[in-house]
Amino acid sequence: MSDNKIPYKTYLTEKEMPKTWLNLNAFMKSKHDPFLNPATGKPCTSEELEAVFCKECVKQELNFTDKEIEIPEGIRSFYKTFRPSPLVRAYFLEKALDTPAEIYYKFEGNNTSGSHKLNSAAAQAYYAKQQGLTSVTTETGAGQWGTALSMAAAFFGLNLDVFMVKVSSLQKPYRREVMRTYGANVIASPSDTTEAGRKILKEFPETGGSLGCAISEAVEKAVSTPGCRYVLGSVLDHVILYQSVIGLESKAVLDRLGVYPDTVIGCVGGGSNFGGLIAPYMADKLQGRNGTEFIGVEPASCPSMTRGKYAYDFCDRAKITPLAKMYTLGCGFMPSPNHSGGLRYHGMSPIVSKLYADGYMRVEAVEQSKVFEAAITFAKTEGILPAPESSHAIRVAIDEALKCKASGQKKSILFGLTGTGYFDLAAYKQYNDGTMTDIIPTDKDLEKGFASIPKM
């Protein structure tokens, strides 16, 4: 299809919306290693996982065979409030870069949470309600996930406690207020409300917290509260399953337009949006149907894949979660207080980690000053102020498009615009004032985190 026939924005119709999620696990010839019970060293059973997570989520987490899993009508009904999201041809960005590349992005920020997180929040809140639970707990970094779950919990009638990374709570107070507006109880983490939080504060009294700390508190709260379970915004397989709606919608639109991307790019913190975006295209690659290149982009300040170790590690700081085989900086790693709060996690999705280990994708780590440079270029050309997390993908999409300009090669590039940055103006102010700094951990800094990885 010629360029002038491709619209700037394209949406699916309601009838075209996916009715099933895509289970990437079922397409992987080499599966990732199972979660281990830290007390026994043996693979976690469904019963053990159900003490923490919703039953249906556990069932889907352990499903390695069904390629498609039905999206319940109750979830599809809620989707109608914010889906489908647009697939956009970035004509103005292409013109500014003077590149022969075709650039497309899937924009997930058209909801109050301002991000893709509502896809997973809707599913997990629905399953919690179906199970008869009365409350859920979670952690949040920059606040998009906490906001999304606040929305979903309110819709399905659940109480919610959100443990928000302390530095993000200070940097983004208005996102905290959105959560409270939807009825959530928001606690800056680490806090003195849990044993895990008190222990962390005793060891690191001045810490700004981390996602690993917040997870510890949320899990402790869940397992000690009747009628409550913990729900997670990223990392686990069932979360990537729910986010596959991003990739399925993208592929349905691009198929209609006669476009098959040469390169798919996404930011990676825990791996859910990236895993969801690439799902249908990676499924094709795993079956030998394409030569698409997949690029994950992480912050240089928290380089879990580019500089981490592929090992079994705890998913939380207090070491109370199951052990996951993943790329990790060590559960004891304390990241710098950079502005990409949603990417400030020590580990990575087992699915994404396995695909990276097996050579199906590559990863780049970028400094935040370069990320914000790309964000402003995008804002000026495409008219959307992007989230710092999303801007990591923008940075590399621009770099790949400029490579096409230098070589004269025409490629189709798809990236995930996971959300908006309207609650991140303190970060934009730092960049505009010229006071933003790039903090990159030294090898000595990383060794401190690696020392917390359990010896298996």
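**A tour of loops, a helix pair and a core**

Select P84 first: this residue sits in the loop between α3 (73–79) and β4 (87–89). Helices here are DSSP runs of H or I with at least four residues, strands are E runs of at least two, and both are numbered from the N terminus. The peptide bond between R83 and P84 is cis, with omega about 5°.

The model is a predicted one, in which local features need pLDDT of at least 70 and side-chain atom pairs count only at pLDDT 80 or more, while totals for chains, interfaces and linings use all residues. Residues are numbered from 1 along each chain as its sequence is written, and side-chain values use heavy atoms, with hydrogens and water left out.

Next, go to P190, in the loop between β8 (185–189) and α9. A cis peptide bond leads from S189 to P190, with omega near 5°.

From there, display α9 (residues 195–203) together with α10 (residues 211–223): their axes come within 8 Å and cross at roughly 150°. α9 is therefore roughly antiparallel to α10. Axes are lines fitted to C-alpha atoms, for helices over the stretch in contact, and angles run from 0 to 180 degrees between N-to-C directions; angles over 145 degrees count as roughly antiparallel. To see the contact (heavy atoms within 4.5 Å), select E195, A196, G197 and I200 in α9 with C213, S216, E217 and E220 in α10. The residues of this contact comprise 3 nonpolar, 2 polar and 3 charged. Ala, Val, Leu, Ile, Met, Phe, Trp, Tyr, Cys and Pro count as nonpolar, Asp, Glu, Lys and Arg as charged, and the others, Gly among them, as polar.

Two non-glycine residues with positive phi follow. D98, with phi about 55°, belongs to the loop between α4 (91–97) and β5 (102–107). D98 is exposed, at a relative accessible area of 52%. V235, with phi about 75°, lies in the loop between β9 (228–230) and α11 (237–257). V235 is buried, at 5% relative accessibility. Buried means under 20% relative accessible area and exposed over 50%, with partly exposed in between (1.4 Å probe, protein chains only).

Finally, select W21 and L355, which touch the most other members of the largest nonpolar core, a set of 73 residues. Such a core consists of buried Ala, Val, Leu, Ile, Met, Phe, Trp, Tyr and Cys residues joined through side-chain atoms within 4.5 Å. α11 gives the largest share of this core, 9 residues. Leaving aside residues up to four places away in sequence, L355 touches L24, M28, I278, M282, L286, Y360 and M361.

Definitions and conventions
Angles under 35 degrees count as roughly parallel, over 145 as roughly antiparallel, 65 to 115 as roughly perpendicular and the rest as oblique.
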